[in-house]
Amino acid sequence: MHRHLKVVEDGEPFAFSEDNAAEVKRILAKYPPARKRSAVLPLLHLAQRQNGGWVSRQVIEHIAGMLDLPPIKVLEVATFYTMFNLKPIGRYHVQVCGTTPCWLRGSDEVFRACRDMGLEKGRTTDDGLFHLSEVECLGACVNAPVVQIDDDYYEDLDYERMKAILEAFRRGETPKPGPQVDRQFAAPEGGPTTLKEHVK
Ligand code: FES
């Protein structure tokens with residue numbers, strides 16, 4: 001499970017850590033030297049993880065320098081993909097899916113729980129703990145409604161369950177990801193109804 005290791009403020013200098021510098025080498029080795037600019041996506045992804053979950057101007061300039069690109073080219077990529085955050089996003093990035101299957105299964109109630117816990121769409125809470133975003137389908141509609149918090153999916157949510165999850169994070173705990181009802185992954189509640197016997 002990945003958590004942001006630190007909160008990075010605007011203007012902080014950026015260079016890859018020793019571990020990540022080794023990872024950068026591995027990434028760059030996948031591309032012919034004349035095409036190293038193709039590494040811009042994985043490098044931005046790696047840098048965002050190291051930089052507290054967001055891509056600063058310093059990150060853009062650092063990667064541009066590594067890839068011999070004008071910084072604007074790296075910025076164009078970073079602004080195109082919603083997965084890159086261009087502002088500090090607090091300790092936990094709460095991404096609530098609002099696409100039709102999740103909406104039909106109650107994502108409005110999930111948003112209501114967020115609101116009641118002081119989270120506002122597109123903003124970081126005053127304590128710097130949560131940043132709330134609405135996102136499109138997270139590819140787990142079978143467990144709708146779904147919320148992604150950093151790298152983890154919290155599934156089969158309703159108002160109470162979402163509130164309990166946020167309260168747990170606020171207490172410094174890490175609630176167990178996955179379905180929040182009695183089901184294993186996408187199996188029916190209460191256990192599987194088919195394929196119960198092993199075929200020899
Ligand atoms: S619609 Fe929410 S995960 Fe697909």
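Hi everyone. The protein we are looking at today is divided into domain 1, residues 18-80, and domain 2, residues 92-173, with the bounds coming from an automatic or database domain assignment. The centres of domain 1 and domain 2, taken over C-alpha atoms, are separated by 29 Å.

Residues are numbered from 1 along each chain as its sequence is written. The model is predicted, so local features need pLDDT of at least 70 and side-chain atom pairs count only at pLDDT 80 or more, while totals for chains, interfaces and linings use all residues.

Let me start with the overall layout. The protein has seven helices and five strands. Here helices (H or I, at least four residues) and strands (E, at least two) are DSSP runs, numbered from the N terminus. Their order along the sequence is α-α-α-α-β-α-α-β-β-β-α-β. Along its principal axes, the C-alpha trace spans about 55 × 55 × 30 Å.

How many of the 200 residues count as buried? The share is 28%. By buried I mean that 20 or more other C-beta atoms lie within 10 Å of the residue's own; exposed means 12 or fewer, partly exposed is in between, and the C-beta atoms are placed from the backbone. I will also talk about contacts, where two residues have their C-beta atoms, placed from the backbone, within 7 Å. Of the contacts with a separation of 6 or more, 64% join residues 24 or more positions apart.

Now, on to the cores. A nonpolar core is a set of buried Ala, Val, Leu, Ile, Met, Phe, Trp, Tyr and Cys residues joined through C-beta atoms within 7 Å. The largest one has 22 residues, and the members touching the most others are Val 94, Val 96, Val 110, Cys 114, Val 147 and Met 162. Two or more residues come from each of β1 (92-97), α6 (107-116), β2 (130-135), β3 (147-149) and α7 (159-170). Apart from that core lies another, of 13 residues, including Leu 44, Ala 47, Ile 60 and Ile 63.

Which residues is Val 94 in contact with, leaving aside neighbours within four places in sequence? They are Cys 114, Leu 119, Phe 130, His 131, Leu 132, Val 147 and Ile 149.

Next, please turn to helix α2. Leu 43, Leu 44, Leu 46, Ala 47 and Gln 48 are buried in α2, and the buried residues of this helix pack against α1 (18-28), α3 and α4 (71-80). Two packed helices are described by the angle between their axes and the distance between the axes. For α2 (residues 40-50) and α3 (residues 57-67), the angle is about 145 degrees and the axes are 11 Å apart. Those axes are lines fitted to C-alpha atoms, for helices over the stretch in contact, and the angles run from 0 to 180 degrees between N-to-C directions. On the α2 side, Val 40, Leu 43, Leu 44 and Ala 47 meet Val 59, Ile 63, Met 66 and Leu 67 of α3. The residues of this contact divide into eight nonpolar, no polar and no charged. In that count, Ala, Val, Leu, Ile, Met, Phe, Trp, Tyr, Cys and Pro are nonpolar, Asp, Glu, Lys and Arg are charged, and the others, Gly among them, are polar. After α2 comes Gly 52, with a positive phi near 70 degrees.

Some backbone details deserve a stop too. Most residues other than glycine have a negative phi, and most peptide bonds are trans. The peptide bond from Ala 144 to Pro 145, though, is cis, with omega near -5 degrees, and Pro 145 sits in the loop between β2 and β3. Asp 150 has a positive phi, near 50 degrees, and its place is in the loop between β3 and β4 (152-155). Asp 150 counts as partly exposed because it has 18 C-beta neighbours inside 10 Å. Phe 185 also has a positive phi, of about 50 degrees, and belongs to the segment after β5 (178-179).

Let me finish in that segment. Why does Glu 189 count as exposed? Because Glu 189 has 10 C-beta neighbours inside 10 Å. Not counting residues up to four places away in sequence, Glu 189 touches Val 181, Asp 182 and Arg 183. Lys 196 is found in the segment after β5 as well, and its C-alpha atom is 39 Å from that of Arg 171, 25 residues apart along the chain.
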